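Look at the structure first, then read the points below.

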Amino acid sequence: MAETDDASLVDRVTQRLITAVAVGEFLPGTRLPAERDLSPLLGVGRTTVRAALDDLATRGLIEKRRGRAGGTFVAEEWPASIVVGVDRWFEQRWSDLVDACTASSMLHSSLARLAAERRTDADIAVMQDRLAAFHAADSGNPKQRADSLLHLSIIDAAHNTALRDILLEHERHLSLSAPAHPWGDRESHRRMESRAAREHDAIVAAIVTAAPDEAAELARRHVQIDLELFTEAREFARRRAAAAAGSD
């Protein structure tokens with residue numbers, strides 16, 4: 001049973017990474033995060049990540065390079081069948097994704113409200129430090145990691161372990177099945193990062209000034225970015241699938 005469970009988990013991580021590449025979360029020619037970084041992002045062990053990457057290399061979706069400038073890179077071209085499969089996956093899972101994003105927005109909203117009511121001076125210091133770190137982080141993966149750390153500081157400032165555990169478990173499952181930041185291309189990355197920066201400033205300000213209603217509404221709207229991004233990713237996958245079908 002354990003082997004079956006392990007195989008199923010590897011398959012889920014493989015499909016998660018295929019989706020991420022096909023919708024543009026990881027652009028062609030770019031280097032993937034190291035196994036040690038992918039492991040906590042996906043909430044699985046490095047052995048599972050390594051097995052999934054080996055599968056992707058066999059399928060021709062990624063390539064592993066040796067040497068000082070080596071690493072694991074997204075292939076410049078990948079099989080049309082993968083793109084078509086991702087388009088089909090979005091159609092099958094769309095209702096679940098909408099429900100999951102709605103749940104995330106409501107949970108983040110509740111925690112932001114509590115943070116505005118319960119934050120301490122120490123919480124404020126951490127939030128402001130992480131907000132500054134987000135603004136200073138480079139675009140792409142560094143900005144995404146800084147984004148996650150900022151949200152964790154808001155969650156911790158709510159001082160509600162039950163809600164915190166529910167949200168983190170919910171988002172861990174979501175991260176295994178869909179792109180965390182399906183921003184499609186470099187220009188979309190910059191646009192969404194700029195928007196996130198403005199909204200982060202407003203959320204932290206509402207928490208610092210103890211405005212729970214405002215903090216809750218700002219957080220709810222902010223996390224709805226995920227659904228907007230999934231909608232864009234779905235259209236991106238449709239266009240790639242149509243192009244792949246047209247080239248056959």
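Rings of Phe, Tyr and Trp form an aromatic pair if their centres lie within 6.5 Å. This is a predicted model, and a search of the whole structure finds 0 such pairs. Rings do take part in another arrangement, with charged side chains, as listed below.

**Charges over rings**
- R65 lies over the face of F73, and the distance to the ring centre is 3.9 Å.
- K143 has its charged end over the ring of F134, 4.8 Å from the centre of that ring.

**Salt bridges**
- Side chains of opposite charge can pair when their charged atoms come close.
- The count of salt bridges comes to 14.
- One of them joins the side chains of R234 and E91, with 3.2 Å from N to O.
- R234 belongs to helix α10 (residues 225-246) and E91 to helix α4 (residues 80-118), so this pair ties together parts that are 143 residues apart in sequence.

**Packing of α2 and α3**
- Helix α2 covers residues 35-42 and helix α3 covers residues 46-59.
- Their axes come within 9 Å and cross at roughly 110 degrees.
- Angles of 65 to 115 degrees count as roughly perpendicular, and α2 and α3 are therefore roughly perpendicular to each other.
- On the α2 side, the contact is made by E35, R36, L38, S39 and L42.
- On the α3 side, R46, V49, R50 and L53 meet them.
- By type, the residues of this contact divide into 4 nonpolar, 1 polar and 4 charged.

Key:
Residues are numbered from 1 along each chain as its sequence is written. This is a predicted model: local features need pLDDT of at least 70, side-chain atom pairs count only at pLDDT 80 or more; totals for chains, interfaces and linings use all residues. Side-chain values use heavy atoms; hydrogens and water are left out. Axes are lines fitted to C-alpha atoms, for helices over the stretch in contact, and angles run from 0 to 180 degrees between N-to-C directions. Helices (H or I, at least four residues) and strands (E, at least two) are DSSP runs, numbered from the N terminus. Angles under 35 degrees count as roughly parallel, over 145 as roughly antiparallel, 65 to 115 as roughly perpendicular and the rest as oblique. Contact means heavy atoms within 4.5 Å. Ala, Val, Leu, Ile, Met, Phe, Trp, Tyr, Cys and Pro count as nonpolar, Asp, Glu, Lys and Arg as charged, and the others, Gly among them, as polar. Rings of Phe, Tyr and Trp (its six-membered ring) pair if their centres lie within 6.5 Å; planes under 30 degrees apart count as stacked, over 60 as edge-to-face and the rest as tilted. A charge sits over a ring if NZ of Lys or CZ of Arg is within 6 Å of the ring centre and within 35 degrees of the ring normal. A salt bridge is a side-chain nitrogen of Lys or Arg within 4 Å of a carboxyl oxygen of Asp or Glu.
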